[in-house]
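Visitor: Hi, could you walk me through this one? I'd like to start with the ligand and then look at the rest.

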Amino acid sequence: MTNTVRQGIEECYMYVTTPIYYPNDKPHLGHAYTTILADVISRWFSLLGYNVYFLTGTDEHGLKLQREADKRGVSTKEFVDQMAGVFKEYWKVLGIGYSRFIRTTEQEHEEVVKYAVSRLWDRGYIYPGKYKGWYCTACEKFYGEGEYIIENNTPVCPTHRRYLEYIEEDTYFLRLSLFKDQVIKLLREGSIVYPKHFSDEVLSKIESEGLQDLSIARPKSRVSWGIELPFDSRYVIYVWIDALLNYLTGLGYPKDMNRVERYWKNSVQLIGKDILWFHTAIWFALLAMLDLPPPNKLLVHSYLTVKGQKMGKSLGNVVSIDDMIKRYGNPEVVRFIIARIANYDKDVEVSWDVYDSIYTGDLLNNYGNLVRRATTLTIKTLNGRATRDLDGEFANTIDELKERSINLYNSFEISGAIKHALDILHETNAYINRREPWRTSRPNQTIYTVLEAIRIASLLFYPIMPVTVGGILNSIGLDRVGQGLEQFRLGYVDEYSVRESPIPFKKLQ
Ligand code: MSP
């Protein structure tokens, strides 16, 4: 990927998406987790010079929203309008720089869904039938035998631990089964799903249960809040088909196919592991039915848990974004902590002790103190000015850590990338102790090299804390972060002009 950047950045397009969230309540830390990761990825590649289009939004149809609005005694439309606003507010506070916030109740999206479903109908991929089964409204999903838990002789949702509803109704099915081999091939041969074990998981499910046709219509008598099925007005379209298509609406499908193609080729889709099946088996088949390739990358992360249980509204164990912002006094610290603990493979338990020690250890004592130490030294010993004179040996150490961090960023391993950036800071602190620049009469080389190391680590933190890092760079006389890899070269800056010694992070109360 690094090479592509070097070859010519004007050619590089990238599409980054998050799931669109059900706005049945305000977002919690679990939603922030995916959204922050997607934002960091999108800011990282923008920093390298990619033309990134970043889509997030809200999934506003279906029974879940309809019931929540009923419960609150407002119309569903009023409710989702209000809640989409709430999501936007949170993302603004958290510095989520999306290119577009999509809502599935937008007219443009409704038209895209009707267009796509008509196309599937015309091609014979949809047929009428009858459905019987157990349904979880919280998942908006039918559970087959063996997939649910039995409690008090009644089927219970394994994710939400609540009773399933038995539903028997006329519907229409999508012929997923026709695409079984194609989906298997994509999962087996491609390197789309990351980490790979998630694609193995889907593969073994398809191999043992097959790929069943999917019921994609809901009678209006049961679910009225949805997009009407274009060829039978008694039904609305299943909310997951409606929702998945948002990723195409976001790019201007089907009106601007050039644009769709340009971005889709390099699409990076982030999801939590709860919605893996929808984003592989169903999504890959749906795309194939529309003659489109699968996404380039599907990044799947594990859960944020509380006492081992997935954090979520249904379990009533959510950690509020507000509490976390309040605790650290800076929303960018929330971004840093979340990015630092992010884990694709394993669930991560929410822990204030861990968060506090990240704040104090990494930000306050490591980053913040080094910046303060270096700026004070520059002001005291060099009148605030350090000119280019790189200590080659120490620069090599920094270079190596930097390369590792960049490579991890390029393979979407954000928390690993951060660790190496933090190592740069550790090494630099130790370097100052060794060199004792305050004792020599010619401290310029040491101080210039230290400032370069701080600049490099700061660039690596920039996608995570753009405002805070911008302020720090400012205090050492750099007023603008550029685009491309060139700025990551040690020795890139001619001269530093340190104006002040900032205190970017304050002690926890
Ligand atoms: N509306 C669907 C997605 C449709 S995408 C075409 C949906 N929405 S949701 O509001 O339930 O959000 C799901 C996503 O939120 C998860 O896939 C995950 O990315 C994120 N998370 C919600 N709770 C989470 C945790 N406790 N831990 C980690 N991620 C969490 O499903």
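Guide: Happy to; we'll take the ligand site, then the domains, then some backbone details.

Guide: This is a predicted model, so local features need pLDDT of at least 70 and side-chain atom pairs count only at pLDDT 80 or more, while totals for chains, interfaces and linings use all residues. Residues are numbered from 1 along each chain as its sequence is written, and side-chain values use heavy atoms, with hydrogens and water left out.

Visitor: Which residues come nearest to the ligand?

Guide: Ile20, Thr34, Asp59, Leu304 and Met311 do, out of 26 residues around the ligand. A residue counts as near if one of its heavy atoms lies within 4 Å.

Visitor: What is the make-up of that shell by class?

Guide: The shell has 14 nonpolar, nine polar and three charged residues. Here Ala, Val, Leu, Ile, Met, Phe, Trp, Tyr, Cys and Pro are nonpolar, Asp, Glu, Lys and Arg are charged, and the others, Gly among them, are polar.

Visitor: Which element gives the largest share of the shell?

Guide: Helix 2 does, with four residues. Helices are DSSP runs of H or I with at least four residues, strands are E runs of at least two, and both are numbered from the N terminus.

Visitor: And how far is the ligand from the backbone of Met311?

Guide: A ligand nitrogen sits 2.8 Å from a polar backbone atom of Met311. At Gly272, a backbone N or O atom is 3.1 Å from a ligand oxygen.

Visitor: How much of the ligand does the protein bury?

Guide: The protein buries 95% of the 670 Å² that the ligand exposes when taken alone. Those areas come from the Shrake-Rupley method with a 1.4 Å probe.

Visitor: Switching topic: what are the domains?

Guide: Domain 1 covers 2-349 and domain 2 covers 352-497, with bounds from an automatic or database domain assignment. Their C-alpha centres lie 38 Å apart. The contact (heavy atoms within 4.5 Å) takes 33 residues from domain 1 and 37 residues from domain 2.

Visitor: Where are the cis peptide bonds you can show me?

Guide: One joins Tyr194 and Pro195, with omega about -5°, and another joins Tyr253 and Pro254, also with omega about -5°. Pro195 is in the loop between strand 9 (193-194) and helix 7 (196-209), and Pro254 is in the loop between helix 9 and helix 10 (257-264).

Visitor: Why point those out?

Guide: Because most peptide bonds are trans.

Key. A polar contact is a pair of N or O atoms within 3.5 Å; within protein, one must be able to donate a hydrogen and the other to accept it, and residues adjacent in sequence count only if both atoms are side-chain atoms.
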